[in-house]
Amino acid sequence: MRFMATYDLMETIRNTNQWVGATAKAMASYPAMAVVPNPALTWLAAWGEVAERSYKRMVVKPSWGIRTITCNDGQDHLVYKETVLDKPFAKLLHFNVAEREEKPRKVLLVAPMSGHYATLLRSTVVSLIPDAEVYVTDWKNARDIPVSCGKFDIEDYTMYLVDFMRHLGPDTHVIAVCQPAPLTLAATAYLAEFEPEAQPRTLTLIGGPIDPDATPTEVTDFGNRVTMGQLEETMIQRVGFKYPGVGRLVYPGLLQLSSFMGMNLERHSKAFSDEIMKVARGEATDHDAHNRFYDEYLAVMDMPAEFYLSTVERIFKNGEIAKNQFMVDGHMIDIGKITDVAVKTVEGAKDDISAPGQCVAALDLCTGLPDSKKASHLEPGAGHYGIFAGKSWRNNIRPLVLEFIDANAKTPRKAANAA
């Protein structure tokens with residue numbers, strides 16, 4: 001049970017800090033303390049409130065929080081979240097809009113499995129629901145999956161996407177955000193070769209590392225700098241006794257969160273200091289900008305160890321997708337087999353995670369696809385988050401993606417595919 005004690009130690013530290021925050025808030029807010037008008041007590045209560053909320057969010061899956069949506073008829077419609085497929089490591093969700101005719105656009109939004117929940121794409125989903133039937137891959141937290149469910153690596157991930165596309169049918173428009181872009185490309189190529197009648201109509205890849213070496217970043221430098229042995233020894237732990245997945249090897253979300261915070265420690269420290277002062281002055285609210293962002297940012301999930309390690313080794317170190325040498329279940333996937341699915345790439349000019357050049361490399365791999373079915377967009381001034389959920393997405397990228405979908409929605413399939 002190696003590393004289990006470390007996992008439980010991290011959870012103990014988190015739990016203790018949550019308790020300390022709650023205690024500080026309760027003590028400093030005690031009515032009797034008002035007899036002593038000390039500003040330090042007000043600050044202590046504010047610190048406790050922020051600390052308790054922050055440490056609590058780390059182990060809570062955020063809610064989608066999509067209750068209603070305003071449609072083209074000008075009315076608000078209730079939105080129901082339905083589970084279309086339920087598999088051991090993921091659910092396929094459909095956001096069903098009540099009392100609305102089914103939209104002709106059917107969009108499968110492939111969420112990343114990179115330490116955060118699929119709810120990271122909440123604003124992306126909200127922006128698409130008025131104009132499409134939206135389906136989302138909702139990846140499960142590995143700590144909650146019993147060991148009896150087996151392993152889950154990038155080949156399993158790819159076949160999950162194949163199953164989801166197959167279930168939704170050939171008129172689906174797939175949008176993959178960040179991490180899943182290379183595997184979604186591979187899943188599409190798999191269908192193109194083995195089940196062409198199940199291929200999606202379009203594939204939009206947003207800020208994904210198709211070729212990580214095309215434009216190196218801090219993320220790719222780290223992947224090339226460390227060995228797989230070092231990663232396994234320092235990053236992989238076994239789930240502790242508190243969760244159903246006890247004993248499963250994972251890359252813990254809390255460990256990844258510490259890395260996230262460390263990359264921009266000064267910025268995060270200032271954000272929390274400012275929020276504490278706002279709480280002390282009575283200016284903070286439950287859903288202010290700070291809480292909206294950090295309620296999502298701090299909510300992390302564990303990744304299966306096999307998935308994390310195989311992603312680093314095969315996508316970043318070996319560049320199997322970039323070299324068109326990716327294998328699934330012993331079969332070499334040929335991206336050149338994609339001849340009938342329109343492919344669009346989207347990149348942000350200031351993306352420091354998947355820098356410009358990494359995602360557009362997908363178009364060169366689609367050797368069997370005519371130029372008329374290829375498109376790319378580089379969004380000026382946009383960072384990684386902005387290209388799928390920020391102002392750049394809402395104002396510029398989303399209209400372009402919908403236009404791309406509509407332009408290829410009714411294009412006839414090749415006769416070879418129908419045979």
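Author: Happy to! An axis here is a line fitted to the C-alpha atoms of a helix over the stretch in contact, and the angle between two axes, taken between their N-to-C directions, runs from 0 to 180 degrees. Two packed helices are described by that angle and by the distance between the axes. Please keep in mind that this is a predicted model.

Let's start with helix 4 (residues 154-168) and helix 5 (residues 181-194), which pack at an angle of about 60 degrees, their axes being 9 Å apart. Helix 4 and helix 5 are therefore oblique to each other. The crossing of helix 4 past helix 5 is right-handed. On the helix 4 side, the residues in contact are I154, Y157, T158, M159, L161, V162 and M165, and they meet L183, T184, A186, A187, T188, Y190 and L191 of helix 5. Sorted by class, this contact has eleven nonpolar residues, three polar and no charged.

Now turn to the other pair. Helix 1 (residues 4-28) and helix 2 (residues 39-57) have axes that come within 7 Å and cross at roughly 150 degrees. Angles over 145 degrees count as roughly antiparallel, and helix 1 and helix 2 are therefore described that way. Helix 1 passes helix 2 in a left-handed crossing. In the contact of helix 1 with helix 2, ten residues are nonpolar, four polar and five charged.

Note on methods. Residues numbered from 1 in each chain as written. Predicted model: local features only at pLDDT ≥ 70, side-chain atom pairs only at ≥ 80, totals over all residues. Heavy atoms only, no water. Helix = DSSP H or I, 4+ residues; strand = E, 2+ residues; numbered from the N terminus. Parallel < 35°, antiparallel > 145°, perpendicular 65-115°, else oblique. Left-handed = near helix turned anticlockwise from the far one by under 90°. Nonpolar A, V, L, I, M, F, W, Y, C, P; charged D, E, K, R; others polar. Contact = heavy atoms within 4.5 Å.
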